[in-house]
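This briefing goes through a structure step by step. Look at the sequence and the 3D view first, then read the points below.

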Amino acid sequence: MQWMRMTGVWLLAAGLLGITQGQDESYKKGPDSVRKPGVPQGTVTKAKWTESKVFPGTVRDYWIYVPKQYDGKEPAALFVAQDGGGFVTEEGAFNAPAVFDNLIQEGAMPVTIGVFVNPGSIPPVEETSKPRSNRSYEYDSLGDLYARFLLEELLPEIGKSFKISGDPRRRVICGNSSGGICAFTVAWERPGEFGNVISHIGSFTNIRGGHVYPALIRKTEKKPIRVFLQDGANDVDNLHGNWPLANQQMAASLKFTGYDFQFVYGEGKHSARHGGAIFPDTMRWVFRDWKEAK
Amino acid sequence: MRVWLFPLLCAGCLVAQDMPLSQVLVEGEAWQLMAEGYGFTDACAADAEGNFYFTDVKNGTGIFKLSPEGQLSVWRDGLPGISGLQFGPDGKLYACQGKQERLIRIVPGSGEVEVLVTGVRPNDLVVNAFGTVFFTETKTQQVHAVSPAGVHRVVHQGDIVRPNGISLSPDQGTLIVSDHGGKHVWAFRVESDGSLAYAQPYMTVVTPYGTDESKGDGSTTDAFGRYYVTSEVGLQMFDPTGRLGGVIASPAPKPVSVEFAGPGLAWIYLAADGKIFRRKTASHGVLFQSPPVPSLTPPAQTR
């Protein structure tokens with residue numbers, strides 16, 4: 001019967017849709033993303049940055065992760081994440097402190113200081129007013145402003161308390177969405193400071209002109225940057241652009257120019273789930289030859 | 001970028017929702033010509049009843065009023081060269097009269113003119129709910145403020161090549177200024193003493209190919225906190241975090257002033273090429289003479 005057949009088609013369609021929706025939720029943290037008994041635990045300290053000259057008037061929270069193995073004698077590697085608050089929470093998609101504890105103990109990554117930075121906002125004068133969000137301005141803008149904030153303001157201050165490697169191969173910058181393009185921009189502008197980029201669901205779209213990177217990569221002498229990209233087929237398509245296409249363009253351009261890169265393309269949506277689930281392996285890949293770099 | 005996905009990404013960080021043009025423009029609603037035959041229409045303003053006010057800064061001597069139904073009248077005559085208008089919380093109409101080198105306000109009914117500042121060439125202004133007047137002076141690259149007590153001072157100088165249009169966020173905590181000679185719209189925090197802090201080239205404006213001169217001019221804000229700025233390439237809309245939402249095509253060359261008015265303040269009025277146009281929108285404006293209000297949140301939409 002026609003009606004029966006139609007119903008069958010709809011049921012099949014609904015089933016496929018269900019599978020697709022389920023695929024984002026199916027990305028789950030593995031054993032390296034949870035605390036393991038016997039593994040030394042690092043410390044996470046929260047702080048506030050309120051004196052930016054690059055972004056006047058902004059305030060932001062940041063967290064510093066220090067592994068138990070850090071002794072201040074040898075310079076530690078550096079990992080910087082944008083939207084940092086989402087990376088340090090145990091309940092978040094990444095649980096970076098636990099991942100780092102596990103991988104450092106295993107020897108898969110060096111002793112690493114983690115700096116997890118939130119975007120700035122300019123607090124309001126009146127309680128009834130909203131803060132001026134500076135996230136898009138800081139993360140989506142091309143150019144070196146945000147790199148300067150990190151390298152001239154925040155990291156020198158942290159460098160007073162910790163011995164951090166100056167070798168770009170041992171310095172990683174990471175982020176999701178606008179934080180992902182931000183991470184790429186920092187390394188693109190300062191490859192001598194950051195030699196590794198991790199971008200999850202990166203916004204290489206026209207929020208503030210970032211869609212030009214695939215073209216720039218092809219016509220710019222290759223920079224000494226190792227790039228990890230993750231995106232999903234169900235990421236967004238909106239006024240700023242199409243995230244799956246933009247990330248595929250990025251991967252194609254990195255390949256064309258001969259970059260040391262990896263592109264993980266899954267089924268995920270605009271969420272941190274896939275990037276979070278594979279984060280330990282991503283860190284393994286980025287630091288696969290860390291013992292050669294001091 | 002859908003707002004409901006962001007808690008997964010970063011709990012507690014400030015993120016904004018996508019604001020495509022489709023949240024504002026209504027399918028099938030085109031620009032309507034409301035008035036024409038002027039030399040240079042400018043100084044768009046609105047009142048709580050949805051009446052719309054404008055001037056002919058080049059040839060006219062009057063302040064014209066368009067009722068929500070489209071009835072045109074002369075609200076006040078004998079005041080040539082006005083390029084910026086807005087009602088204050090005192091019900092008076094504040095005006096930039098650059099050619100006469102003064103900032104004035106007009107008492108409704110009597111039409112009496114009160115002079116606030118002389119020796120300046122104000123271009124455009126905004127009056128907040130406290131009665132502080134902020135105005136741009138394009139040639140000196142200055143933003144001025146006049147306190148409710150009448151104290152006049154320069155609150156920003158430099159950075160902006162040709163400061164022109166000026167507006168506020170719905171909560172009146174952020175002031176924005178367009179740059180006629182540059183490609184940014186600048187944002188400031190409004191301090192409790194009426195000064196401005198933390199200037200930032202917050203929005204990047206689309207410019208014609210081959211130039212960084214946006215011709216950014218008249219500016220306004222809707223109840224959702226979106227900013228609208230007239231420019232060479234059209235009417236540009238920005239979301240509250242400074243991201244370009246899109247460019248609305250101008251019905252005529254050289255759009256210079258914009259305001260929400262008409263029934264429910266839901267129509268966007270545009271002064272361009274000596275004419276006045278309006279277009280029905282899915283949004284509505286805010287009046288800064290009224291108390292500050294939080295921005296509304298539109299329903300999620302990605303196209």
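Predicted model: local features only at pLDDT ≥ 70, side-chain atom pairs only at ≥ 80, totals over all residues.

**Confidence in chain B**
- The average pLDDT of chain B is 94, and 94% of its residues score at least 70.
- Residues 1–15 of chain B are a stretch where pLDDT stays under 50.
- For residues 1–15 of chain B, the model has 43 contacts beyond four places in sequence.

**Where chain A touches chain B**
- Chain A gives 35 residues to the contact, and chain B gives 36 residues.
- On the side of chain A that touches chain B, the elements that give two or more residues are α2 (85–88), β5 (121–122), β6 (132–133) and α4 (135–140) of chain A.
- The element that gives the most to this side is α4(A), with three residues.
- By class, the residues on this side of chain A are twelve nonpolar, 15 polar and eight charged.

**Two helices of chain A**
- Helix α5 (residues 145–159) of chain A packs with helix α6 (residues 178–189) of chain A at an angle of about 75 degrees, and their axes are 8 Å apart.
- Angles of 65 to 115 degrees count as roughly perpendicular, so α5(A) and α6(A) are roughly perpendicular to each other.
- From α5(A), the contact is made by A:Tyr146, A:Ala147 and A:Leu150.
- From α6(A), A:Cys182, A:Thr185, A:Val186 and A:Glu189 take part.
- The contact of α5(A) with α6(A) has five nonpolar residues, one polar and one charged.

How values were computed. Residues numbered from 1 in each chain as written. Chains lettered and ligands numbered in written order. pLDDT = per-residue confidence, 0-100. Contact = placed C-beta atoms within 7 Å. Helix = DSSP H or I, 4+ residues; strand = E, 2+ residues; numbered from the N terminus. Nonpolar A, V, L, I, M, F, W, Y, C, P; charged D, E, K, R; others polar. Axes fitted to C-alpha atoms, helices over the stretch in contact; angles between N-to-C directions. Parallel < 35°, antiparallel > 145°, perpendicular 65-115°, else oblique.
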